[in-house]
Amino acid sequence: CEQQDGQGESTQVEKILVAVTPWPASAALYVAQEKGYFKEEGIDAAIHPYISGHLGLDAVLWEKADLATAGDTPIARAAVAGKPVAVLATLCEINRAVLIVARKDRGISSPDDLRGKKVGVVAGTTADFFLHIFLTTSYIDSSDVRIVPLETHRVVDALVRGEVDAVSTWSPHTIVAMDKLGDNAVILEDSSIYKMTWNIAATKEFAGRHPERIRRFLRAIVRANGFIVNQPGETRAITSRRIGTASPLFEKEWGDYKFTVALDQSLLLNLEDQARWMIMKEPGSVRRPPNFMDFIDAEGLKAVRPSAVSIPGI
């Protein structure tokens, strides 16, 4: 279909299906849709919620969605597996993206207290990687912790019901778990060991076939980021409605989210670190981490905001 632009000329409306994980880092997509930025850029964006980034990325790879929001871990896993994923831009950088929420009544007050305890985590996610580096930097062998694999929707309930002693997870699960546990909640964290990136990804085929659609999408996100800077309160209200978590619960964490539209060297380094971890977990594996330059498609972002691309050689 077509619509009229500001000069009265008709432009082709491009449909796009986006798999989005409902949490604060996805705020720019919610703002772009609610404020009409997608529409004004000629994008008919349908946002479908997926409970985690790895499920959203799977939807893209299975051609059930055109784009997906995902953390660095699912992207690294897809690349290691040889999947045709392409990162188009980083949408948000998050400090304290993953926390370990533990139960005080299980005798946990410090990292050392995790020894012998049950720690729940969704396997293959950013929280899984964070748990690995948290234990490593705390000088705790993973064999000394009883790691319990959980489905994403079970993380909070498993902790609240006492099926596990702690969980490694992300917002809004961290916020809900802390709210439900109240004074019984203990937070274990180390913001110096990991900064998460929240990215928008497609298949290589989609990125190659629809460059104009991607440019329009990214322009809308750039506009949304301007709104986020100027209207943080309204942004939190919009995000709260979309993720189903009361705005005051995540207001104090809002400063941990840096909304951006960029591609920089730190993303590659992060992906390489995670690829090495994944390969290490496979006994007898002799594979090397892939060349992640092959999994970055910067053409759309270079057209929209060239200065935002700072990866040498791209």
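Before anything else I wrote down my cut-offs: buried means under 20% relative accessible area, exposed means over 50%, and partly exposed is in between (1.4 Å probe, protein chains only).

**Ground rules.** I'm looking at a predicted model, where local features need pLDDT of at least 70, side-chain atom pairs count only at pLDDT 80 or more, and totals for chains, interfaces and linings use all residues. Residues are numbered from 1 along each chain as its sequence is written, and side-chain values use heavy atoms, with hydrogens and water left out.

**Whole chain.** I found 13 helices and 13 strands in the protein chain. Both are DSSP runs numbered from the N terminus: helices are H or I with at least four residues, strands are E with at least two. I also looked up burial, and 54% of the 314 residues count as buried. The C-alpha trace spans about 65 × 45 × 30 Å along its principal axes.

**Glu34 and Arg241.** I checked salt bridges next (a side-chain nitrogen of Lys or Arg within 4 Å of a carboxyl oxygen of Asp or Glu). By this rule the count comes to 20. One of them joins the side chains of Glu34 and Arg241, at 2.4 Å from N to O. Glu34 sits in helix α1 (residues 27–34) and Arg241 in helix α10 (residues 232–243), so this pair ties together parts 207 residues apart in sequence. Glu34 is partly exposed because its relative accessibility is 37%. Arg241 has 54%, so I put it down as exposed.

**Arg209 and Glu205.** Here's another salt bridge, 3.5 Å from N to O. Both residues lie in helix α8 (residues 204–209), four residues apart, which is about one turn of the helix. Arg209 is exposed at 58% relative accessible area, and Glu205 is partly exposed at 48%.

**A network.** I noted that salt bridges link Glu41, Glu212, Arg215, Arg216 and Arg219. The Arg219–Glu212 bridge is 3.5 Å, N to O.

**Glu93.** Glu93's place is in strand β6 (residues 85–94).

**Leu271.** I located this one in helix α12 (residues 265–280). Leu271 counts as buried because its relative accessibility is 1%. Leaving aside neighbours within four places in sequence, Leu271 is in contact (heavy atoms within 4.5 Å) with Asp72, Ile75, Ala76 and Phe292.
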